[in-house]
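Grab a pencil and open the 3D viewer. Here are a few exercises, each followed by a worked solution.

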Amino acid sequence: MAAPALERPTATAGSQTVTIAKALNMGLRSALERDPKVLVMGEDVGKLGGVFRITDGLQKDFGEHRVLDTPLAESGIIGTAVGLAIRGFRPVCEIQFDGFIFPGFDQIVSQLAKLHYRSQGKVKVPVVVRVPFGGGIGAVEHHSESPESLFAHIGGLKVVSCANPVDAYWMLQQAIECDDPVLFFEPKRRYYEKAELDPTAPPAPLFASRVVRPGSAVTVATYGPMVRTVLDAASAAAEDGTELEVIDLRTLSPLDLEPVFESVRRTGRLVLASEAPAESSITSEIAARVQQECFYSLEAPVLRVTGFDTPYPPSKLEEGYLPDLDRVLDAVDRSLAY
């Protein structure tokens, strides 16, 4: 079941205003305090605190034996984590940038995803692979990729993405506690956006999508860095009298599409938004599933607002590549025109 609709958390007595980056740091700290088998490992995660400072202060407080600076070798990081998990640890690997994950792809797909099945359930591999993903930071090649569809296609892996500080804090801890390997995609261009976080409030389930803004005209489903873009588009549309229902997917494998189906049966229209290219993607899978489940409810074809089917462009051109508010609103207008 989806959690109650909530666009922005409101302040409570125990809440504090934090960024997504700080919430991730707090989540890692909480997991390290709670379970001595939790380890953090990756390039520059120790003394430096990570290039985005997500692991800042953790090595100082928990020691080099639990927060490990590794060589620049993603295959070695993942492979070592697999061995540690087999021996009872819960490693949390940081991939410094999304485009750096590919040297570790073989270990993730051939070992991490397969060991539980290969051992007929006897071996658990509770490894979390943290991946800062997406564009919008003016970076060079290999620093702005959206490879989540590649991993969502692999049986044996769980794939999730947070979009706000509350989910960043709780979803990371839930992923660490999960006995299955989890790819945890973090929207790096949103790292420093703030919201209220109450660490004492009960979290939503990890593998559940959620309505974050109710509406009646068009359903817009998205995840990760595009959630804020779509919410801004929904605010702009409301000024013209069009109420969009915004769904944060949160979990990409397994997909939790019941809230999407329920919404589409009411609105009759669906727009999907993602930074990733359109072809063979999360959005194409959802479009196919909605067509199967909601065919007689649809008043318009499912429309998609995505990155283009090209390599990610140089930073000077990325503003034209990334889906923005205007492209989302254009898709809404086209859907309503049917």
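**Exercise 1.** Find the loop where Gln120 sits, and decide whether Gln120 is buried or exposed.

*Solution.* Step 1: go to the loop between H5 and S5; helices (H or I, at least four residues) and strands (E, at least two) are DSSP runs, numbered from the N terminus. Step 2: the relative accessible area of Gln120 is 69%, so Gln120 is exposed (buried means under 20% relative accessible area, exposed over 50%, partly exposed in between, with a 1.4 Å probe and protein chains only). Step 3: check the backbone too, where Gln120 has a positive phi of about 55 degrees despite not being a glycine. Most residues other than glycine have a negative phi.

Before you carry on: this is a predicted model, where local features need pLDDT of at least 70 and side-chain atom pairs count only at pLDDT 80 or more, while totals for chains, interfaces and linings use all residues. Residues are numbered from 1 along each chain as its sequence is written, and side-chain values use heavy atoms, with hydrogens and water left out.

**Exercise 2.** Work out where the buried residues of H3 lie around the helix.

*Solution.* Step 1: list them, and you get Glu74, Ile77, Ile78, Ala81, Val82 and Ala85. Step 2: look down the axis of H3; the buried residues fall within an arc of 135 degrees (taken from the directions from the helix axis to the C-beta atoms), so they line one face of the helix. Step 3: recall that an α-helix has 3.6 residues a turn, so residues three or four places apart point the same way. Step 4: see what this face packs against: strands S2, S4 and S5, plus helices H4 and H5 (contact means heavy atoms within 4.5 Å).

**Exercise 3.** Which strands stand at the edges of the open sheet?

*Solution.* Step 1: write down the order of the 5 strands, S9-S11-S10-S13-S14, with mixed pairing (two strands pair if DSSP finds at least two bridges between them). Step 2: S9 and S14 each have a single partner strand, so they stand at the edges, with one side of each left without a neighbour in the sheet. Step 3: zoom in on S13 and S14, which pair in the parallel sense over 4 bridges. Here Ala273 has Val305 in S14 as its bridge partner.
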